[in-house]
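Visitor: Hi, I've just opened this one and could use a hand finding my way around. Can we go through it bit by bit?

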Amino acid sequence: MSSRSSIVRTLSALVMGAALSLTLAACGGGAASGGGAETGGAEGGLVGKPAPEFTAEAVTGEGPKSVKDANGKVTIIDFWATYCGPCKKSFPKYQELVDQFGGDLSVIAVSVDEEDTDKAKLEEFVKATGVKFSIVWDKDKSAAKAYSPPKMPTAFIVDKTGTIRHMHAGYGEGEEDKIAEEIKALLGQ
């Protein structure tokens, strides 16, 4: 009987661990899951290709709201959600990058929150993070389908010609430094 209860406890622990891992992976998982530029496999499948155009509802913010609008600028297309803790950490860092690079860098933050989410929830998230860049809402998930972000947040770094040059799946401390170096290289600095 004790070996049976031991097996049950072990299986329960495995199931709980798997559920926790899936939850963390879906939302960037913080430092444990890391981040970084992904360039291979399914996750990096868009690197080196033109950024897919998308249409999404404008929520707030300054700057381009689409790939076409961002033409001629280095752009971060960031997929995020209000339920994502790492997203809340990345937003102020992206604003710092926009401020650092002035008019040469734009950010389009694409919310993947569900269609029945109250728009005020997105606006509250933006206000809490203090960002001024473009926030759009991918209600029908067409942008998410085109980009297939593997976790939240996922940032695609797009060059001036509209080609995706880097992808960062997840967000961890110091990620903005890697992104800043990539932006400098794309701007020829």
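Visitor: Where is His-168 found?
Guide: His-168 is in strand β6, which covers residues 164-169. Keep in mind as we go that this is a predicted model.

Visitor: Okay. Is His-168 buried or exposed?
Guide: His-168 is buried, because its relative accessibility is 1% and the cut-off for buried is under 20%.

Visitor: And which side chain does His-168 have a polar contact with?
Guide: That would be Glu-175; the two side chains are joined by a polar contact of 2.5 Å.

Visitor: Let's zoom out to the sheet. What order do the strands come in?
Guide: The order is β1-β4-β3-β2-β5-β6, in an open sheet of six strands with mixed pairing. β1 and β6 stand at the edges with a single partner strand each, so one side of each has no neighbour in the sheet. From one strand to the next, the twist averages 25 degrees.

Visitor: How many bridges join β5 to β6?
Guide: Five, and these two strands run antiparallel.

Visitor: β4 keeps coming up. Which of its residues are buried on each side?
Guide: Ser-134 and Val-136 are buried on one side, and Ile-135 and Trp-137 on the other, which leaves both faces of β4 covered. As background, side chains in a regular strand alternate between the two faces of the sheet.

Visitor: What lies over the face of Trp-137?
Guide: Lys-139 does, at 4.6 Å from the ring centre.

Visitor: Speaking of rings, how many aromatic pairs are there in the whole structure?
Guide: A search finds eight. One of them is Phe-54 with Tyr-147: the ring centres are 6.1 Å apart and the planes are at 80 degrees, so the pair is edge-to-face.

Visitor: Why does that pair tie together parts that are 93 residues apart in sequence?
Guide: Because Phe-54 lies in the loop between α2 and β1, while Tyr-147 is in helix α5, residues 142-147.

Visitor: Is Phe-54 buried or exposed? And Tyr-147, buried or exposed?
Guide: Phe-54 counts as buried at 5% relative accessibility. Tyr-147 is buried too, with a relative accessible area of 3%.

Visitor: Which residues do ring pairs link into a cluster?
Guide: Phe-54, Phe-79, Tyr-147 and Phe-156.

Visitor: New topic: the loops. Where is Asp-69?
Guide: Asp-69 is in the loop between β1 and β2. A polar atom of the Asp-69 side chain lies 3.5 Å from the backbone nitrogen of Lys-65. As for Glu-53, it is 16 residues from Asp-69 in sequence, and their C-alpha atoms are 9.9 Å apart in space.

Visitor: What about phi for Ser-148?
Guide: Ser-148 isn't a glycine, yet its phi is positive, about 50 degrees. Ser-148 is in the loop between α5 and β5, and it counts as partly exposed at 47% relative accessibility.

Visitor: Last one: where does Lys-141 lie?
Guide: In the loop between β4 and α5. Lys-141 isn't a glycine either, and its phi is positive at about 65 degrees. With a relative accessible area of 23%, Lys-141 is partly exposed.

Definitions and conventions: Residues numbered from 1 in each chain as written. Predicted model: local features only at pLDDT ≥ 70, side-chain atom pairs only at ≥ 80, totals over all residues. Heavy atoms only, no water. Helix = DSSP H or I, 4+ residues; strand = E, 2+ residues; numbered from the N terminus. Buried < 20%, exposed > 50% of the residue type's maximum accessible area, 1.4 Å probe, protein only. Polar contact = N/O pair within 3.5 Å; in protein donor to acceptor, adjacent residues only side chain to side chain. Phe/Tyr/Trp six-rings, centres within 6.5 Å; stacked < 30°, edge-to-face > 60°. Lys NZ or Arg CZ within 6 Å of the ring centre and 35° of its normal. Pairing = 2+ DSSP bridges. Axes fitted to C-alpha atoms, helices over the stretch in contact; angles between N-to-C directions.
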